[in-house]
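Let's take a walk through a protein model together. Keep the picture open beside you as you read, and look up each part when it is named.

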Amino acid sequence: MSEPDDGDTSGGLDAATQRRVVRERYARIATETEDAGVEDTGTEDDGGCCSSDGCCDAAAASPTSTDRAAELVGYSSADLDAAGEANLGLGCGNPKALASLEPGETVLDLGSGAGFDCFLAAREVGEEGRVIGVDMTPEMVEKARENAAESEFGNVEFRLGEIEHLPVADGTIDVVISNCVINLSPAKPRVFREAFRALRPGGRLAISDVVLTADVPRDLRADPDSVASCVAGASRIAELERLLDDAGFEAVDVSPKDDSDRFIREWDDERDLSEFLVSASITGRKPSAGVDDGADGGGT
């Protein structure tokens, strides 16, 4: 008997509602930035966004705000220049910096949005490498493909799909990255099992995401906007460690970023989210040999 895809959601919404509100949010961001003719802010249900609605609207309205948001979470001016309009000013870290990418590697980005991290990864892996972005929001995938067509990178592709059901074959990926996306999933155990399945033996996981340091206030837990804006769906560090261990990862490390309050405080004008939320670097490795990944088969 197959295992159910969805369990209890940390955000307090049922899985179908959570996916719907996230998809709608990032479809709106994709279309608003396109209509405004400014820098994109890559994200999705599985795409990354860490900000309140007000912050996202500000990012869509001002190219300078998207650059500043990206710099605050760890991107350099060179990164911003390289990724061009794929920067939508979203995210909570720089997974490319965590991944220590090497030329020739194959990289999978969970929740690739408009392609920001994919284009940065492509620069690191070079022409002999490959980068695949997966996003569940059609509008974001379309935007990412447009950005790819206009970019210098011929080794990047974008696929429509959910991070709980990755459209990639077993054991074909060297590095899985993600930026403030997994907190949005209503089925986090499935996400980590899928990442493990996709990785080659010895492959690694390097993601940035938000984690809880205290309980989410009751009025936010089932609030659709809070869930869709990376606030109410985050997990505790111990829970993430358990999920990664259960999926089969070794050398698991979840390290909060002490200075992330600088930008988390800006995600909401009415309350200080840093009182219960912090950005973290999350890493792990698939054992090199002799381990059955235990996951369902995948796409190609």
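Start with Glu164, which sits in the loop between strand E3 (156-160) and strand E4 (173-179). Strands here are DSSP runs of type E with at least two residues, helices are runs of type H or I with at least four, and both are numbered from the N terminus. Is Glu164 buried or exposed? Glu164 counts as buried because its relative accessibility is 0%. Buried means under 20% relative accessible area, exposed means over 50%, and partly exposed lies in between, using a 1.4 Å probe and protein chains only. The side chain of Glu164 also makes a polar contact with the side chain of Ser185, at 2.5 Å. Such a contact is a pair of N or O atoms within 3.5 Å; within protein, one must be able to donate a hydrogen and the other to accept it, and residues adjacent in sequence count only if both atoms are side-chain atoms.

A word on the background: this is a predicted model, where local features need pLDDT of at least 70 and side-chain atom pairs count only at pLDDT 80 or more, while totals for chains, interfaces and linings use all residues. Residues are numbered from 1 along each chain as its sequence is written, and side-chain values use heavy atoms, leaving out hydrogens and water.

Now find strand E5 (residues 199-212). Twelve of the 14 residues of E5 are buried. Two strands pair if DSSP finds at least two bridges between them. E4 and E5 run parallel, joined by six bridges, and Asn179 has Ser208 in E5 as its bridge partner. E5 also pairs with strand E8 (residues 277-285), this time in the antiparallel sense over nine bridges. Along that pairing, Ile207 stands opposite Ile282, and Leu212 stands opposite Leu277. E8 is mostly covered too, with seven of its nine residues buried. Strand E7 (residues 250-256) pairs with E8 in the antiparallel sense over five bridges, and here Pro256 stands opposite Ala280.

Finally, turn to helix H7 (residues 138-150). Its buried residues include Met140, Lys143 and Asn147. Where do the buried residues lie around the axis of H7? They fall within an arc of 160°, taken from the directions from the helix axis to the C-beta atoms, so they line one face of the helix. An α-helix has 3.6 residues a turn, so residues three or four places apart point the same way. The face of H7 turned away from the buried side carries the exposed residues Ala149 and Glu150.

Conventions: The expected span of a helix is 1.5 Å times one less than its number of residues.
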